[in-house]
Structure formats: C-alpha cells, structure tokens
Amino acid sequence: MPTRVYIDGVITDEKAAVVPVLDRGFLYGDSVYEVTRTSGGRPVDLGRHLDRLERSAAAIGLALPAPATLAGAVAETLAAAANAEAYVRIIVTRGGGEIGLDPALADRPRLVIVVRPLVLPDPALYDDGVEVALVAVRRNPRRALDPAIKSGNYLNNLLGLREARARGAYECVMLNADGWIVEGSTSNLFVVRGEAVRTPAFTDGLLDGITRGRVLELARAAGIAADEAHLGPDDLFRADEVFLTSSLRGVLPVVRVDGARIGGGRPGPVTHALGAHYARFLERVAAGIEAG
C-alpha cells in the first residue's frame with residue numbers, strides 16, 4: 001500500500017517528493033493545512049475541510065488555489081495511491097523566496113498533498129478508553145496566534161503533548177490564559193454530565209474541529225442535548241463521561257484524567273452512542289449517501 005505525494009501538479013512517492021529548503025512552510029511554519037481520511041475510498045467531509053482551509057488561509061493573507069483545483073488534486077493523488085482507505089493531508093505554504101520574515105518575499109504558494117494508507121487507533125483504545133493530562137503549557141491566546149487557524153506552526157501543541165506523554169497520558173488537555181479548557185494537541189474534548197453533552201466554547205480559543213461539528217450535529221439529531229460552554233478543570237473531573245474527537249480518531253473515550261477515574265472508569269453509554277452514530281455517518285459516506 002503506497003504513499004503518494006502531490007507537489008504543484010507532480011505526483012511521486014515519498015522518497016522522491018522534495019520541497020525546497022527555502023520554502024517558508026519549512027523555515028517559519030508559514031503554511032496552512034488540513035487532514036482527513038477516506039471512507040469507502042471517499043474523502044470524509046472534504047468540503048468542510050476545504051472551507052476551513054480557506055478560512056485559515058484568509059486569516060494569514062495566503063492565496064489558495066480554487067476549491068475545485070484542490071478537490072481535483074486530492075482525487076488525483078488518491079487515484080495514484082490506490083489504497084483501500086487513505087489518510088489525506090493537504091498543505092499550502094506561502095512558497096519560497098529570499099530568507100526573511102516579510103511575506104512579500106515569497107514567490108508563489110506551493111500545494112502539497114500527502115496520501116498514505118489509513119492507520120486508525122488501536123481498537124482496544126475504544127474498548128478501554130484513554131487517559132489525558134491537564135498540562136501546564138497554555139494554548140496560544142487568540143490575539144497572539146489564533147488557534148482557529150490550522151497552520152503549520154504546531155510547536156505549542158507539540159509541547160503540550162510532550163508534557164502529557166512524559167506523564168504517561170495518551171493526550172493533553174490545554175487551558176487558555178484564563179484557565180478555561182480549550183482542546184487537546186490534535187483533538188477536541190467533550191464532557192457528559194447527566195444526559196447533557198458539552199464541548200469548550202469556540203470563543204475561548206480553539207480549533208473548530210470538523211469532527212467536533214459533526215458530533216454536535218449527530219447528537220442533536222439523536223435528541224441528545226449538546227452545546228458549547230465555558231468549561232474548567234472541575235467540569236472535567238466531575239464529568240460522568242469524557243471523550244475526544246478528531247478526523248482520524250472519530251469518538252474516542254477518556255476514562256482517566258491525571259490518574260483520576262472519570263465516572264465508572266469505563267467508556268460510558270453516551271460516548272458509545274455517539275461513537276455508533278459517527279460510525280454510521282462514515283458508512284453513509286462510504287455508500288455515497290452522505291456528501292464527503
């Protein structure tokens with residue numbers, strides 16, 4: 001099962017794929033990106049991912065290819081890889097040029113698409129749940145580098161995950177400067193109390209995850225109360241259930257926070273139900289019933 005890389009219209013394998021060392025994405029993280037997966041060979045929520053890519057690019061003043069061009073390049077790379085199911089990463093850098101921070105030094109945007117065989121989390125994680133750690137690393141303030149921008153500058157997230165892994169946890173939970181919970185390094189977080197599902201408020205400074213939005217929609221369609229809220233650490237420790245969402249994880253149960261059990265210490269019924277709803281959504285994408 002091969003990996004194929006598209007760089008400005010040319011598709012190669014990963015060993016032959018080359019981006020110039022003076023590319024600003026490499027030098028400064030001056031880029032935006034999206035990650036999705038396929039289901040039944042069809043990209044999941046590609047339209048929503050491309051819309052968010054456009055918002056991220058607009059926020060940093062980066063011109064993107066037309067959506068149809070991006071979607072066509074994804075389809076071309078998927079066809080070249082010919083994997084049964086695939087991981088898809090779409091990257092647009094500001095390009096190369098003279099070394100210097102001034103964006104005006106860039107020559108032209110560079111489009112890179114990476115398609116690899118899809119590797120999903122170990123099924124045991126869904127059966128047993130995972131542990132998360134509240135870390136000291138705070139999420140970037142919105143007025144510094146807005147977390148709503150999915151950029152190539154990921155050092156803040158990396159440091160949060162590094163701290164969590166050093167403490168034996170699967171994922172970190174980051175707070176904003178005001179002490180509100182915002183998100184994980186590469187995931188959104190939900191808490192369940194009684195029959196109500198809550199996720200940190202977008203205005204507190206987080207990436208509005210595509211799967212986060214899908215799960216909110218699926219919960220409401222199933223008659224489950226689901227909304228955003230300001231959430232603090234106490235909301236996490238007092239929750240009956242906690243789960244993470246992301247494009248590759250789907251709905252992943254959390255059963256411990258900093259070593260303390262959540263609820264009964266096992267994945268709960270609401271988490272199981274939402275995981276099942278999301279799995280059925282993926283089945284509809286695979287069948288061509290749900291738009292990808």
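Two strands are taken to pair if DSSP finds at least two bridges between them. Helices (H or I, at least four residues) and strands (E, at least two) are themselves DSSP runs, numbered from the N terminus. The structure is a predicted model, in which local features need pLDDT of at least 70 and side-chain atom pairs count only at pLDDT 80 or more, while totals for chains, interfaces and linings use all residues. Residues are numbered from 1 along each chain as its sequence is written, and side-chain values use heavy atoms, with hydrogens and water left out.

By the pairing criterion, strand 7 (residues 130-134) and strand 14 (residues 250-257) pair in the parallel sense over three bridges. Within this pairing, Val-130 has Val-254 of strand 14 as its bridge partner. Strand 7 is also joined by three bridges to strand 8 (residues 171-175), and these two strands run parallel. Here Val-132 stands opposite Glu-171 of strand 8. Burial was assigned from relative accessible area: buried means under 20%, exposed over 50%, and partly exposed in between (1.4 Å probe, protein chains only). Strand 7 is mostly covered, with five of its five residues buried. Both faces of the strand are covered, Val-130, Val-132 and Leu-134 lying on one side and Glu-131 and Ala-133 on the other.

Helix 7 (residues 210-221) contains 12 residues and reaches 17 Å from its first C-alpha to its last, close to the 16 Å expected at 1.5 Å a residue; the expected span is 1.5 Å times one less than the number of residues. The helix is mostly covered, nine of its 12 residues being buried. Among the buried residues are Ile-210, Thr-211, Arg-214 and Leu-218. Gly-223, with a positive phi near 85 degrees, follows the helix.

Empty space was examined next. Rolling a probe the size of a water molecule over the atoms shows where empty space is left. On a 1 Å grid over the protein atoms alone, a cavity is a set of points where a 1.4 Å probe fits but cannot get out, and a pocket is an open set with protein on both sides within 12 Å along at least five of seven lines; lining residues have an atom within 4 Å of a point. Grid points are joined across faces, edges and corners, and a volume is the space filled by probe spheres set on the points. A search of the whole structure finds one cavity of 30 Å³ or more, and the largest cavity has a volume of about 40 Å³. Its lining consists of Thr-36, Arg-37, Val-44, Asp-45, His-49, Ile-210, Thr-211, Ser-247 and Tyr-278. Strand 3 (31-39) and helix 7 are the elements that give two or more residues to this lining.

The largest pocket holds about 750 Å³ of space. It is lined by 41 residues, of which Val-35, Lys-150, Thr-186, Ser-246 and Leu-248 lie nearest its centre. Helix 7 gives the largest share of this lining, three residues. The second largest pocket holds about 330 Å³ and is lined by 17 residues, with Val-19, Gly-25, Ile-91, Thr-93 and Val-112 nearest its centre. In this second pocket the largest share of the lining, three residues, comes from strand 5.

The structure holds 22 salt bridges, a salt bridge being a side-chain nitrogen of Lys or Arg within 4 Å of a carboxyl oxygen of Asp or Glu. Asp-45, a residue of the cavity lining, forms one with Arg-48, the closest N and O atoms being 3.9 Å apart. Asp-45 counts as buried because its relative accessibility is 3%, whereas Arg-48 is partly exposed, with a relative accessible area of 30%. Asp-128 and Arg-266 meet through their side chains in another salt bridge (3.5 Å, N to O). This pair links distant parts of the chain, 138 residues apart, with Asp-128 in helix 4 (residues 123-128) and Arg-266 in the loop between strand 15 (260-261) and helix 9 (269-286). Asp-128 counts as partly exposed at 39% relative accessibility, as does Arg-266 at 48%. A further salt bridge brings together the side chains of Arg-220 and Asp-227 (3.7 Å, N to O). Salt bridges that share partners join Asp-45, Arg-48, Arg-214, Glu-217, Arg-284 and Glu-290 into one network.
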